[in-house]
Amino acid sequence: MVHSNPSIPHLYDQSLALLTDLYQLTMSYGYWKMGLNKKESVFHLFFRRAPFQGGFTIAAGLEAVVDFLEKFHFDASDLAYLEQLQGADGKPHFPPAFLDYLSTLKFTGQVDAVPEGTAVFPYEPILRIQGPLIECQILETPLLNLINFPTLIATKAARICLAAKDDSVLEFGMRRAQGIDGALTASRAAYIGGCDSTSNVLAGKLFGIPVRGTHSHSWIMVFDDELEAFKSYAEAMPDNCVFLVDTYDTLEGVKKAIEVGVWLKSQGKKMLGIRLDSGDLADLSIKSRELLNQAGFNDAVIVASNELDETIISELKRQGAQINVWGVGTNLVTAKDQPALDGVYKLSAIRDQGQAWKYKLKLSEQMLKVSNPGILQVKRIYSDKENVADVIYDMQMPLKEGSRMVDPLDPTKERQLKRGTHSKDLLVPIFRDGECIYDLPSLQDIRKHTQQELKHFHVGIKRFLNPHVYFVGMEKNLYDMKIQLIKQVRHLASIPATN
């Protein structure tokens with residue numbers, strides 16, 4: 001039988017240039033037709049609210065962005081598809097001359113971005129892209145797609161790992177993830193956020209993430225009784241025995257696991273632990289720990305699963321749960337309590353080649369939705385002990401000693417850049433003239449970076465409920481320029497249209 005649709009293994013083995021919204025291409029055609037395609041532009045990718053009502057966000061997805069931009073091109077099949085699209089008038093949506101233009105289009109611009117694993121905050125650009133207007137416009141949708149979801153999941157994982165403290169966290173949500181790509185992206189992002197391992201074997205192969213797993217209830221149910229199931233598993237996998245004990249009666253299951261554990265000892269092997277997947281996890285883990293210790297299995301771990309998240313883990317720990325490893329699935333890989341990051345991508349400056357920049361902003365009735373103009377960078381200010389504030393500034397108005405920064409939503413709150421302050425720019429060069437100049441770190445190094453980042457923030461910022469608000473200010477001259485630009489745009493918008 002011949003299939004007309006591409007098979008799963010070949011789904012992404014092709015140009016991904018059409019991984020964009022139609023209106024990006026429609027606007028780009030409009031720019032090209034109006035002769036605006038050679039204009040140079042600056043866009044910023046940022047978000048307005050930290051996810052999960054939290055106090056921090058962990059940036060992720062940059063490696064996928066680099067790979068996408070390096071391979072960006074429209075191949076013959078892309079152009080053939082666009083050629084057959086029709087507009088509302090039944091005529092071709094795009095003329096042949098524009099498709100010829102797209103056939104040679106490559107990314108030729110500049111990208112600066114926050115390295116993966118860096119803690120970021122609302123309104124701070126995670127990525128700044130500068131280049132020809134059409135290139136930057138077409139890339140809006142894929143860049144948001146490649147940054148938003150992994151950033152969301154890395155942040156969720158970081159919160160869960162903070163709740164687990166020194167305990168190990170296993171990500172095992174593939175079966176409920178949103179498709180193949182959702183599962184793989186989530187596994188990678190969860191590892192960045194701090195998870196120790198994944199059950200996703202393909203993610204282990206592709207990304208080098210440690211893979212872990214036990215067995216399911218079906219293994220127990222295949223056999224006539226639970227003891228036989230445990231014994232058979234021990235015979236088959238004597239060096240990997242973590243027994244799932246809640247298929248019928250949890251504490252009776254623990255006792256049977258201990259019986260098989262004694263047999264393993266007699267064979268010179270070791271029972272690694274048990275897994276609880278239902279019931280009162282606090283009470284059952286305490287009683288299971290007592291049974292294990294009484295039998296001499298003091299070092300056997302207790303793994304817990306069942307709809308866990310950071311709030312439940314924190315509460316179980318408060319109740320004295322004796323759990324060593326936390327298996328977190330659905331609530332992590334789907335970010336169930338907030339399934340999307342509100343990342344946006346806004347034009348902030350434009351110019352004709354060789355001319356001065358014209359700064360742009362999006363206006364709104366709500367100040368929090370007014371975008372920031374300029375060519376922006378973020379400087380992190382820190383002491384010997386911890387990070388104390390971030391300041392968003394315009395690259396054409398460099399920060400100086402004594403520079404003031406204001407809260408963009410409450411300009412009565414100000415701070416000053418003091419002498420002797422330590423600081424660093426967060427956005428680093430990634431692409432120059434279309435060529436990647438950034439050495440991508442290993443996934444293990446990105447994970448370590450996340451852990452080091454979180455150590456340098458006040459504990460209040462990492463609270464799950466009502467976290468402390470980390471100060472992010474705008475450099476005063478940039479803020480004043482933004483206010484002046486808002487007034488100018490509102491004045492122009494108020495002028496009546498003429499016939």
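**Salt bridges, domains and their interface**

The structure, which is a predicted model, holds 28 salt bridges. One of the salt bridges joins the side chains of Asp112 and Arg432, with 2.9 Å from N to O. Because Asp112 belongs to strand S3 (residues 110–113) and Arg432 to strand S19 (residues 428–432), the pair ties together parts that are 320 residues apart in sequence.

**Domain layout**

- The domain assignment divides the chain into domain 1, made up of 22–27 + 38–154 + 342–490, and domain 2, which spans 159–334.
- Between the C-alpha centres of domain 1 and domain 2 there is a distance of 39 Å.

**The interface between the domains**

- Where domain 1 and domain 2 meet, 23 residues of domain 1 are in contact with 23 residues of domain 2.
- The size of an interface is often given as the accessible area that is lost when the parts come together.
- For domain 1 and domain 2 the area buried between them is about 1900 Å², and 65% of it is on carbon and sulfur atoms.
- On the side of domain 1, the residues that lose the most area to domain 2 are Leu443, Arg447 and Phe464, which together account for 39% of what that side buries.

**Polar and charged pairs across the interface**

- Across the interface of domain 1 and domain 2 there are 3 salt bridges, and 7 residue pairs are in polar contact, counting pairs with both residues at pLDDT 80 or more.
- Helix H6 (140–164) and helix H15 (443–455) each supply at least two residues of the side of domain 1 that touches domain 2, and H15 gives the largest share of that side, with 7 residues.
- By residue class, the side of domain 1 that touches domain 2 consists of 12 nonpolar, 6 polar and 5 charged residues.
- The side chains of Glu63 and Arg188 also meet in a salt bridge, at 3.2 Å from N to O.

**Annotated spans from UniProt**

- An unreviewed UniProt entry annotates residues 18–148 as "domain: Nicotinate phosphoribosyltransferase N-terminal"; over these residues the chain is 40% helix and 17% strand, and the end C-alpha atoms are 18 Å apart.
- UniProt, again in an unreviewed entry, lists residues 170–351 under "domain: Nicotinate/nicotinamide phosphoribosyltransferase"; this span is 46% helix and 15% strand, and its end C-alpha atoms lie 49 Å apart.

Note on methods: Residues are numbered from 1 along each chain as its sequence is written. This is a predicted model: local features need pLDDT of at least 70, side-chain atom pairs count only at pLDDT 80 or more; totals for chains, interfaces and linings use all residues. Side-chain values use heavy atoms; hydrogens and water are left out. Domain bounds come from an automatic or database domain assignment. Contact means heavy atoms within 4.5 Å. Buried area is the accessible area (1.4 Å probe) that two parts lose on being put together, summed over both. A salt bridge is a side-chain nitrogen of Lys or Arg within 4 Å of a carboxyl oxygen of Asp or Glu. A polar contact is a pair of N or O atoms within 3.5 Å; within protein, one must be able to donate a hydrogen and the other to accept it, and residues adjacent in sequence count only if both atoms are side-chain atoms. Helices (H or I, at least four residues) and strands (E, at least two) are DSSP runs, numbered from the N terminus. Ala, Val, Leu, Ile, Met, Phe, Trp, Tyr, Cys and Pro count as nonpolar, Asp, Glu, Lys and Arg as charged, and the others, Gly among them, as polar. UniProt positions are given in the numbering used here, feature names are shortened, and annotations may be inferred rather than shown by experiment.
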